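Subject: Structure handover

Hi,

Here is the structure I promised to pass on to you. Have a look at it first, then read my notes below.

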Amino acid sequence: MRARLASTILAIAVGLSACATGPAPGPGKSRLDPAAERGQAFAQRRCAGCHTIGLDDGGASEGPRFRDLSRRYNALSLQKRFVEVSQHGTGMMPPVTFSTAEAEDLLAYFSTLEGR
Ligand code: HEC
């Protein structure tokens, strides 16, 4: 909890200083909300080795692309699927354990991939 709070404060501090010094993000760079941003960072660390997690096709292709998953499942069924793969893996995918909070962040990130 404490570490999480600290990282939230850090994120806010970084955000503020970016506002103060850097140029504003261009119109093409839409800002993600904090949960989606954490989900994206988590996916980058833990999933991107096997899945293409973003909107481009340049990533790993051992598993299905995340943007395809966001089309195949709705939020509820995706959450169930996360619990299953987290605990048991699926097919060629080994179990990759993550917490409920991390799963929620992932879902927030997945929702940003929808309809694109
Ligand atoms: C070691 C490689 C590897 C890693 C790391 C990995 N995956 Fe996978 N994943 C796969 C493969 C391969 C499949 C396809 C499994 C199959 O159908 O045989 C898969 C399938 C899935 C599916 C099921 C898709 C479906 O059609 O139901 C989900 C959901 C999923 N991965 C989520 C994740 C998430 C979330 C992470 C990160 C926390 C992750 N994966 C990390 C290899 C990986």
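Let's start with helix α5 (residues 100-113): it has 14 residues and reaches 20 Å from its first C-alpha to its last, close to the 20 Å expected at 1.5 Å a residue. That expected span is 1.5 Å times one less than the number of residues. Helices here are DSSP runs (H or I, at least four residues), numbered from the N terminus.

Before going on, remember that this is a predicted model: local features need pLDDT of at least 70, side-chain atom pairs count only at pLDDT 80 or more, and totals for chains, interfaces and linings use all residues. Residues are numbered from 1 along each chain as its sequence is written.

Which residues of α5 are buried? They are D105, L106, Y109 and F110. Buried means 20 or more other C-beta atoms within 10 Å of the residue's own, exposed means 12 or fewer, and partly exposed is in between, with C-beta atoms placed from the backbone. Seen down the axis of α5, the buried residues fall within an arc of 145°, so they line one face of the helix. (The arc is that of the directions from the helix axis to the C-beta atoms.) On the other side of α5, T100 and A101 are exposed.

And what covers that buried face? The cover includes α2 (34-46), α3 (66-72) and α4. From the α2 side, R38, G39, Q40 and F42 are buried, and the buried residues of α2 pack against α5. Contact here means C-beta atoms, placed from the backbone, within 7 Å.

L107 is also in α5, but it counts as partly exposed because it has 18 C-beta neighbours inside 10 Å. Leaving out residues up to four places away in sequence, L107 touches A75, L78 and Q79.

Now the largest nonpolar core: its seven residues are F42, I53, F66, F82, L106, Y109 and F110. α5 gives the most to this core, with three residues. Such a core is a set of buried Ala, Val, Leu, Ile, Met, Phe, Trp, Tyr and Cys residues joined through C-beta atoms within 7 Å.

Last, the ligand: 20 residues surround it, and the closest are C47, C50, G63, G91 and M93. A residue counts as near if its C-beta atom, placed from the backbone, lies within 6 Å. Helix α4 (residues 75-88) gives the most to this shell, with three residues.

Terms used. Helices (H or I, at least four residues) and strands (E, at least two) are DSSP runs, numbered from the N terminus. Two residues are in contact if their C-beta atoms, placed from the backbone, lie within 7 Å.
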